[in-house]
Amino acid sequence: MEPIPRPTGRRASIARVGILQRVEGFLERLFEAPAGRLGASLQPVSLAKRIERAMDTNKSFGDAGVIVPNQYVLHLNPTDFAAFESYRAALEDDLAHGVLTRARHERYTLVARPRVRLNADRSTRRGDIRVAARVVDEAGERRHREPSAPVTSDTVVLSTREEAAPESARRAYLLVATQGQDAVQFDLGGPLITIGRASDNDVIVDDPMVSRHHCQLKLQHGAYGFVDLGSRNGSMVNGQTVQEVALGPGDIIQVGSTTIEFGIHG
């Protein structure tokens, strides 16, 4: 019986490459397959990975750097959606915080605070995730050429300019410094400034000792006052534990490991 000839040289190399490509293709299809087809349920980490992919594939380049979407709508089959329904609000907030964290890490630019929303969609197959990603302003309108706010530190400040604010309020600012991070300046002017870890705050602080909605600054009669919102670890102003107090230039607010100086531009 004659031996079967084996491919040699360049033909052997091509054959090996072809086999490897087929194996890699199979593995990609296996791991990219929707969870429903494999008999498993969707997990939050799957949602986060799809958001990351949408962030990378929808980025654009401008004067402010690499701009990525800040609004993500995840279309899920109603059965998959029902699995997240009991904690959907908390999950959406955590996913939005994940957008902030990745934007900081990759030095991407966000034009406004990120928002994530889960949506039940009968046209989506079980186990699939369809992501609609957009760049929008605070009002939910599409943004094109307006200036962006770069995300460059663990404290993120988002524009809350208020045209009707008095001159004294428009000159007010906060200097926010979380332990081990550079200070970030936040110009005030709005009637209500919220501070905390949650992504729907005006000043978002990445500090585990700070509550999700820790405190707020309220503009009354042309001056700002500080109000603690029943936070877990409390708040101090000038070294004193407070619940509510009027603020003056140079006052130091302490929340968790974060120091916030209240000032007025000259």
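Val-237 touches Phe-226, Val-242, Val-245, Leu-247, Asp-251, Ile-252 and Ile-253 when residues up to four places away in sequence are not counted, a contact being heavy atoms within 4.5 Å. The model is predicted, so local features need pLDDT of at least 70 and side-chain atom pairs count only at pLDDT 80 or more, while totals for chains, interfaces and linings use all residues. Residues are numbered from 1 along each chain as its sequence is written, and side-chain values use heavy atoms, with hydrogens and water left out.

Val-237 belongs to strand 15 (residues 235-237); strands here are DSSP runs of E with at least two residues, helices are runs of H or I with at least four, and both are numbered from the N terminus. With 6% relative accessibility, Val-237 counts as buried (buried means under 20% relative accessible area, exposed over 50%, partly exposed in between, with a 1.4 Å probe and protein chains only). From C-alpha to C-alpha, Val-237 and Asp-251 are 6.8 Å apart in space and 14 residues apart in sequence.

Another buried residue is Asp-202, whose relative accessible area is 11%. Asp-202 sits in the loop between strand 11 (192-196) and strand 12 (203-205). Its C-alpha atom is separated by 8.2 Å from that of Arg-113, 89 residues away along the chain.

We can turn next to the helices. Helix 2 (residues 44-57) and helix 4 (residues 88-106) have axes that come within 10 Å and cross at roughly 40°; axes are lines fitted to C-alpha atoms, for helices over the stretch in contact, and angles run from 0 to 180 degrees between N-to-C directions. That angle makes helix 2 oblique to helix 4, since angles under 35 degrees count as roughly parallel, over 145 as roughly antiparallel, 65 to 115 as roughly perpendicular and the rest as oblique. On the helix 2 side, the contact is made by Pro-44, Leu-47, Ala-48, Ile-51, Glu-52, Met-55 and Asp-56, and on the helix 4 side by Leu-91, Leu-95, Val-99 and Arg-102.

Helix 4 also lies across strand 3 and strand 5, running at about 135° to strand 5. These strands belong to an open sheet of three strands with the order 5-3-6 and mixed pairing, where two strands pair if DSSP finds at least two bridges between them. Strand 5 (115-120) and strand 6 (129-134) are the edge strands, each pairing on one side only. The twist averages 20° from one strand to the next. Strand 3 (residues 71-76) and strand 6 run antiparallel and are joined by six bridges, and Val-73 has Ala-132 as its bridge partner in strand 6.
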